[in-house]
Amino acid sequence: MRGSRNLRREILTLQGNSDNSLGLALNKNRPRAWVTNKMKFKRTIQKTFGSPKVKSIQMHPTKPVAIMGLFNGDVQIWDTDKMAMVNSIHVSNEPIRTCVILGRMDWLLVGSDDGNVSIYELGKYRKVKTFHAHDDFIRKIESHPQDPSFLTASDDATLKMWIYQGEVSQAMTYTGHEHFVMDVCFYPNDASKFVSCSLDSTIKVWSVEQPHCVKTFKGHTSGINSICFLGRDCLVSGADDLTLKVWDFQTAQCITTLSGHTNNINKVYPLNSFSLFASCGEDGSMRLWNNKTFKQEDLLILQGGRIWDVKEKDGKILVGSDEEIVFINACQGSPLVRMSRNRIFYSVSGSIFGVKGDSVGAPKELCNVGFHPDELEVSPSGKAVAVGNEGEFRIFSSLGFRSKFSGEGRDFHFIDDDEFVVRNGDVVSFHRKGEVLKSISIKGISRLFFLSPSLIGCNVSGQTRIYSSSGEFVSSINQVSDHLAIVGDFLVACGALISIYRINQDVIEGFVEQGIEVPEEGIKDALVHLGTEYYGVSSWCTSDDIFYFTSNNKGYYLIPGDRPYVYHFSSISGMIAGVENGTLFYLHDKSVECKKIDTEFLRFQRSVILGREYSVPDGIRSKAIAFFESLEMHEKALDLCVDDNQRFEILLKLDRYDEAFSKANSIVKYDKLGRYFLKAGELPKASECFLRSRNWVSLLLADTLSGKRNLAVAGSECRKEGRLNHAFFAYLKSGRYSECAELLESTLFSSLFAKNYLD
């Protein structure tokens with residue numbers, strides 16, 4: 001590192017208003033950082049470091065690691081929690097403009113101006129290999145969101161697709177741009193498409209399987225340097241004409257043009273933790289724009305020269321410029337919602353509302369706390385409500401919303417109406433009626449989860465660790481969790497994916513009660529991993545040993561068990577509040593809405609998953625059949641079927657083709673069954689099915705290789721349909737040479753055929 005220095009610190013503070021301020025009973029000498037009602041977005045420059053020109057920033061998706069690609073050919077590795085450089089690699093004597101993390105292989109890819117891509121192992125940062133990808137500068141490397149592949153974009157005016165499966169190999173070259181290709185990204189709705197931009201002033205849409213573009217966007221008057229998607233069908237571009245353009249991806253029409261920058265725009269980037277996107281450029285400014293209104297929400301002027309890249313994760317923003325690396329902490333007030341005992345409490349823009357589950361259309365504003373809460377919790381009985389912001393919390397009675405207690409700490413959780421647990425730095429404290437009952441020190445803790453009166457969870461050093469409430473280490477999960485919950489006898493951990501564990505409570509209690517020293521790796525078999533589900537969880541709740549959650553505006557429930565099962569039950573655009581009496585409540589656009597759960601079907605599913613006795617009422621028969629099929633329990637599904645069409649499909653899955661033949665009643669079914677018989681090597685049966693489906697080409701194949709029983713019929717039918725080549729082949733293979741001769745009449749081959757076959 002060339003050196004670091006403490007620069008300006010921008011802190012937005014509450015301008016005191018005696019009418020709506022809380023007046024927390026805290027240390028008055030401690031500076032507060034409350035966000036006012038008018039201040040939806042808050043940012044603080046935490047540290048600024050002097051640096052050579054930073055051209056590329058990449059943040060690790062799960063670890064507190066950032067990769068900086070520098071113009072001098074170096075790559076720097078930074079710990080984003082400690083805001084410190086931990087490693088540096090000299091990759092090339094040429095500038096580096098792009099780098100990307102391939103999580104599937106645990107690789108770091110670095111593109112340099114000599115046209116090379118260098119691959120390093122993450123963690124050890126040992127070079128794996130270097131290969132020549134382009135004949136000019138590499139501007140961007142973009143990894144495919146699902147497949148083992150990545151794209152490169154270059155000043156040689158091409159893009160290339162690369163496959164990595166053991167070795168890296170080129171799969172396709174894409175041509176069509178007439179100048180440097182500056183940026184590329186995959187279409188989030190369909191990763192078989194991607195979008196690129198160029199200094200030829202165009203944006204092009206491509207299919208991964210075609211070397212030429214399928215659509216071109218035109219509108220900028222100068223070169224385009226950067227593109228990104230906002231949501232699924234909204235594309236943003238930044239260009240040297242000093243404008244940003246927002247495009248409808250489906251129609252290729254420009255929705256609006258944004259101005260404000262006074263020099264070339266180098267980067268546009270979505271801030272995924274907020275409803276904002278950033279633009280930065282050679283005027284030294286970073287501007288933040290609203291994703292929906294496209295109005296400018298914030299402006300940051302830095303002193304480090306031109307800004308080249310910006311990245312954001314979990315509210316931490318990193319900015320790279322000619323002379324600086326800047327760490328920014330940001331937060332934005334967002335709605336929160338909780339439910340207890342048929343009462344729902346939620347916060348919107350600093351106001352706390354309450355509503356009963358049986359009258360969700362009549363909410364009541366209980367209090368305006370004067371800031372945007374980042375925490376909201378309700379006690380199990382619903383008699384107390386806690387709100388928190390920036391490490392300070394206050395507890396209110398839900399009746400009259402009178403203040404009861406205030407203090408410092410994060411990750412507040414109620415144990416009951418008078419007891420709660422909270423984290424302050426590395427200390428976890430248990431309170432009763434405002435008095436501290438006990439405290440536990442856990443070094444490096446960054447997040448606290450209250451699981452039960454006997455267990456807590458913590459995010460520590462890239463892991464989730466489970467402790468007893470008295471502080472004994474129990475076990476660890478090799479991921480950082482965003483959500484953690486006990487559901488019956490199971491633990492559900494949600495991070496980049498959902499992991500389900502069985503909790504062996506007797507084993508844990510045996511260690512704790514007998515005072516047995518816990519090994520460094522934890523208590524063996526305290527947690528048994530049962531399965532992983534690939535969903536990102538936005539909001540969740542538990543009820544009757546079911547884990548309900550939302551992901552990508554869809555509602556799901558998870559039934560934990562030795563074979564965990566996830567079921568999509570409805571579309572839900574909002575945050576889950578809770579479930580009461582078979583109804584799920586959620587907050588959508590500042591109001592509470594609800595969805596009915598099919599509890600009869602849910603009880604049936606849970607009985608099956610847990611291996612218990614079950615019954616299938618007629619009202620859920622169709623859903624039960626689909627459920628059994630999703631579990632590949634096809635015999636169970638067949639037992640419930642009363643519809644021959646459905647039985648036909650299930651019999652195919654069970655390889656019971658002869659029974660399926662008796663259910664076939666259409667050309668489509670006979671053709672499909674014929675293919676199954678053909679694959680199974682039962683050629684006569686396949687031939688019979690193809691005869692009934694009138695699939696003459698497949699019949700000719702199957703019948704020629706078997707008994708040739710149907711070739712004569714096939715020949716006659718093909719002749720009637722005018723398919724003379726197929727008819728000739730069928731007659732020839734079945735020995736009906738006179739019919740062949742008839743087909744060849746008046747042709748050059750007639751006499752030759754007669755001489756060889758009829759004489």
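Residues are numbered from 1 along each chain as its sequence is written, and side-chain values use heavy atoms, with hydrogens and water left out. Because the model is predicted, local features need a pLDDT of at least 70 and side-chain atom pairs count only at pLDDT 80 or more, whereas totals for chains, interfaces and linings use all residues.

The average pLDDT (the predictor's confidence in each residue, from 0 to 100) is 89, and 94% of the residues score at least 70. Over residues 1-39, however, the pLDDT is below 50, although this stretch has 82 contacts in the model beyond near neighbours in sequence, a contact being heavy atoms within 4.5 Å. Where pLDDT is low, the predicted coordinates should not be read in detail.

The C-alpha trace spans about 115 × 65 × 55 Å along its principal axes, and the protein contains 13 helices and 56 strands, assigned as DSSP runs (helices H or I, at least four residues; strands E, at least two) and numbered from the N terminus. The protein is divided into domain 1 (42-331) and domain 2 (655-758), with bounds from an automatic or database domain assignment, and the C-alpha centres of these domains lie 58 Å apart. Of the 759 residues, 52% are buried, where buried means under 20% relative accessible area, exposed over 50% and partly exposed in between (1.4 Å probe, protein chains only).

By the rule applied here, in which a side-chain nitrogen of Lys or Arg lies within 4 Å of a carboxyl oxygen of Asp or Glu, the protein has 33 salt bridges. One of them pairs Asp183 with Lys140, the closest N and O atoms being 2.7 Å apart; this pair links distant parts of the chain, with Asp183 in strand 15 (residues 181-186) and Lys140 in strand 11 (residues 138-143), 43 residues apart. Asp183 is buried at a relative accessible area of 3%, and Lys140 also counts as buried, at 15%. By contrast, in the salt bridge between Arg126 and Glu121, with closest N and O atoms 2.7 Å apart, Arg126 is partly exposed at 47% and Glu121 is partly exposed at 23%.

Within helix 13 (residues 750-757) lies Tyr757, which is partly exposed, with a relative accessible area of 39%.
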